Amino acid sequence: MAIFPDAWLSELLSKSDLAAIASEYTLLKPKGKRLWGCCPFHSEKTPSFSVNPDKQIYHCFGCGKGGNSVTFIMEHEQMTYPEALRWLAAKYHIEIQEREMTDEERKQQSERESMFIVNEW
């Protein structure tokens, strides 16, 4: 599993334009401070999909999906988190910075995931 540095993630999110990305999948029209359109995740005739360009987040009031540019690509393109990051990096010509997890980090992640499973049970 890959690890992406926090500074690189911040740079990627600051350079990615959610409105431009979402506009590739649905027609967005301004209404107040937001952009509105039909949701690209489900069929609808009345626009319920909202993009806030200032905060770089989206929300659909019809299906409830929401997030940022990474979650939009993950959901729409059926990608994993690392795949979506790589997709955005390629789109915005940002050099990918990642490294593989050490054995100790894998162990810690496994223990953490185990605690979530136990807690859920």
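1. Let us start with K91, which is partly exposed at a relative accessible area of 31% (buried means under 20% relative accessible area, exposed over 50%, and partly exposed in between, using a 1.4 Å probe and protein chains only). You are looking at a predicted model, in which local features need pLDDT of at least 70 and side-chain atom pairs count only at pLDDT 80 or more, while totals for chains, interfaces and linings use all residues. Residues are numbered from 1 along each chain as its sequence is written, and side-chain values use heavy atoms, with hydrogens and water left out.

2. Where does the side chain of K91 meet E24? The two meet in a salt bridge, with 2.6 Å from N to O (a side-chain nitrogen of Lys or Arg within 4 Å of a carboxyl oxygen of Asp or Glu). This pair links distant parts of the chain, since E24 sits in the loop between α2 and β2 (29-31) and K91 in helix α4, 67 residues apart. Helices (H or I, at least four residues) and strands (E, at least two) are DSSP runs, numbered from the N terminus. E24 is partly exposed, with 46% relative accessibility.

3. K91 lies over the face of Y92, at 5.9 Å from the ring centre (a charge sits over a ring if NZ of Lys or CZ of Arg is within 6 Å of the ring centre and within 35 degrees of the ring normal).

4. How many salt bridges does a search of the whole structure find? There are three. One of them joins E11 to K15, whose closest N and O atoms are 3.0 Å apart.

5. The partners come from distant parts of the chain: E75 is in helix α3, K65 in the loop between β5 and β6 (66-67), and they are ten residues apart. Their relative accessible areas are 30% for E75 and 28% for K65, so E75 is partly exposed and K65 is partly exposed.

6. Now turn to the inside. The largest nonpolar core has 24 residues, and those touching the most other members are W8, L12, F49, V51, Y58, F72 and L85. At least two residues of this core come from each of α1 (6-15), α2 (18-23), β4 (49-52), β5 (57-60), α3 (69-77) and α4 (81-91). A nonpolar core is a set of buried Ala, Val, Leu, Ile, Met, Phe, Trp, Tyr and Cys residues joined through side-chain atoms within 4.5 Å.

7. The structure holds eight aromatic pairs. F41 and F49 are edge-to-face, because their ring centres are 6.3 Å apart and their planes stand at 70°. Rings of Phe, Tyr and Trp (its six-membered ring) pair if their centres lie within 6.5 Å; planes under 30 degrees apart count as stacked, over 60 as edge-to-face and the rest as tilted. F41 and F49 are both buried.

8. Y58 and F72 are edge-to-face as well, with ring centres 5.4 Å apart and planes at 90°. Y58 belongs to strand β5 and F72 to helix α3, so this pair ties together parts that are 14 residues apart in sequence. Y58 is buried at 5% relative accessible area, and F72 is buried at 0%. Zooming out, Y25, F41, F49, Y58 and F72 form one aromatic cluster.

9. Which residues of α4 are buried? They are A84, L85, L88 and A89. Looking down the axis of α4, you see them fall within an arc of 135°, so they line one face of the helix (the arc is that of the directions from the helix axis to the C-beta atoms). Their cover includes α1, α2 and α3. Just after α4, H93 takes a positive phi of about 55°.

10. Finally, is S16 buried or exposed? S16, in the loop between α1 and α2, counts as buried, with 3% relative accessibility. Leaving aside neighbours within four places in sequence, S16 is in contact with I21, Q56, S69, L88 and Y92 (contact means heavy atoms within 4.5 Å). S16 and T80 are 64 residues apart in sequence and 18 Å apart in space, C-alpha to C-alpha.
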